[in-house]
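Subject: Structure handover

Hello,

Here is the structure for you to look through. Please open it first, then read my notes below.

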Amino acid sequence: MGFDLGYLRELAEDAFEHPGWSGMADYFRLRHQGLRREALEALDAFVAGAVSWPLADRVAFAAWIGEKRLAYRGQPEAVLPVPLFRLLVRPTLEEWADAKPADPWPLVWQARLSSGGSAWHAPPAPFLRQALARDPLCVPARVDLVRAILADIAFHQHELPGAYLGDAALDLSALDEVEDLLSLADEDARFDIGPEIAWARAEARGWLERAG
């Protein structure tokens with residue numbers, strides 16, 4: 001995965017429209033031009049100022065950069081470079097979670113940005129379970145947790161039919177939880193994820209039948 005230069009240009013233009021974000025716009029513009037050292041200098045200057053912003057302003061930026069990273073299919077650090085995540089975004093999400101103890105969203109964002117790059121490797125499921133402890137009806141947290149559980153089960157099953165890398169019986173129980181979590185999701189999500197659930201359940205049952 002590489003850097004989509006066109007996307008970096010779009011990010012620069014978008015960031016420039018936000019008051020106070022010109023330093024971030026400079027980072028993306030310079031990366032688009034291939035000027036890595038100059039881009040990192042612009043990023044350092046932006047982060048040095050942004051860390052002292054009011055929490056609400058930092059939260060708005062963290063959500064924006066998070067959305068942009070999720071929409072990007074290339075190298076995650078192209079959109080969310082390591083210094084930006086470690087020095088600004090992650091501390092902001094943690095402070096937000098402490099400041100709003102009933103709000104599931106800071107934990108949802110911690111889960112969404114916790115993997116996929118070298119910035120921070122932490123499994124998403126614990127964050128999502130904390131989010132659902134705050135709001136059991138938070139559908140985005142439910143759907144994200146479904147996807148996290150299914151990803152784990154897919155790993156357990158990826159060497160079938162020769163080997164099952166987890167406990168198939170536990171995976172069947174996890175799939176029951178998945179179906180319960182998905183019950184509040186919209187029809188499109190259920191339609192998209194339903195076949196994956198059915199396949200994983202069939203694979204787990206098949207393994208148990210062969211092993212029994």
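**What covers helix H10**

What covers the buried residues of H10 includes helix H8 (139-157) and helix H9 (168-182). A contact here means heavy atoms within 4.5 Å. Helices are DSSP runs (H or I, at least four residues), strands are runs of E (at least two), and both are numbered from the N terminus.

First, the ground rules. This is a predicted model, where local features need pLDDT of at least 70, side-chain atom pairs count only at pLDDT 80 or more, and totals for chains, interfaces and linings use all residues. Residues are numbered from 1 along each chain as its sequence is written, and side-chain values use heavy atoms, with hydrogens and water left out.

**More on H10**

H10 takes in residues 187-211, 25 residues in total. Its first and last C-alpha atoms are 36 Å apart, close to the expected 36 Å. That expected span is 1.5 Å times one less than the number of residues.

H10 also bends. The angle is about 35° at Ile-193, and Pro-195 follows within four residues. The bend is the angle between two fitted axes: one for the seven residues ending at that point, one for the seven starting there.

Which residues of H10 are buried? They are Ala-189, Ile-193, Ile-197, Ala-200, Arg-201, Ala-204 and Gly-206. Buried means under 20% relative accessible area, exposed means over 50%, and partly exposed lies in between (1.4 Å probe, protein chains only).

Asp-186 caps the N-terminal end of H10. One of its side-chain oxygens lies 3.1 Å from the backbone nitrogen of Asp-188.

**The whole protein**

The protein has 10 helices and zero strands. Its C-alpha atoms fill a box of roughly 60 × 40 × 30 Å, taken along the principal axes. Of its 212 residues, 44% count as buried. Look also at contacts between residues at least 6 apart in sequence: 61% of them join residues at least 24 apart.

The protein is divided into domain 1 (1-124) and domain 2 (137-211). These bounds come from an automatic or database domain assignment. The C-alpha centres of the two domains lie 31 Å apart. Five residues from domain 1 and five residues from domain 2 take part in the contact.

**Helix H4**

H4 has 17 residues, which should span 24 Å at 1.5 Å a residue. The end C-alpha atoms are 24 Å apart, so the two values agree.

The buried residues of H4 are Arg-58, Val-59, Phe-61, Ala-62, Trp-64, Ile-65, Gly-66 and Arg-69. What do the buried residues of H4 pack against? They pack against helix H1 (5-16), helix H2 (22-32), H3, H5 and helix H6 (105-112).

**Salt bridges**

How many salt bridges does a search of the whole structure find? It finds nine. A salt bridge is a side-chain nitrogen of Lys or Arg within 4 Å of a carboxyl oxygen of Asp or Glu. Side chains of opposite charge can pair when their charged atoms come close. Three of these pairs follow.

- Arg-58 pairs with Glu-95, with the closest N and O atoms 3.0 Å apart. The pair links distant parts of the chain: Arg-58 is in H4 (residues 55-71), Glu-95 is in H5 (residues 82-99), and they are 37 residues apart. Arg-58 is buried because its relative accessible area is 9%. Glu-95 counts as partly exposed, at 36%.
- Glu-177 meets Arg-129 at 2.6 Å, N to O. This pair also links distant parts of the chain: Glu-177 is in H9, Arg-129 is in H7 (residues 124-134), and they are 48 residues apart. Glu-177 is partly exposed, at 27%. Arg-129 is partly exposed too, at 40%.
- Glu-41 pairs with Arg-37, with the closest N and O atoms 3.0 Å apart. Both lie in H3 (residues 36-50), four residues apart, or about one turn of the helix. Glu-41 is partly exposed at 44%, whereas Arg-37 is exposed at 53%.

Arg-37 and Glu-41 also belong to a network of salt bridges with Glu-38.

Best wishes

Technical notes:
A polar contact is a pair of N or O atoms within 3.5 Å; within protein, one must be able to donate a hydrogen and the other to accept it, and residues adjacent in sequence count only if both atoms are side-chain atoms.
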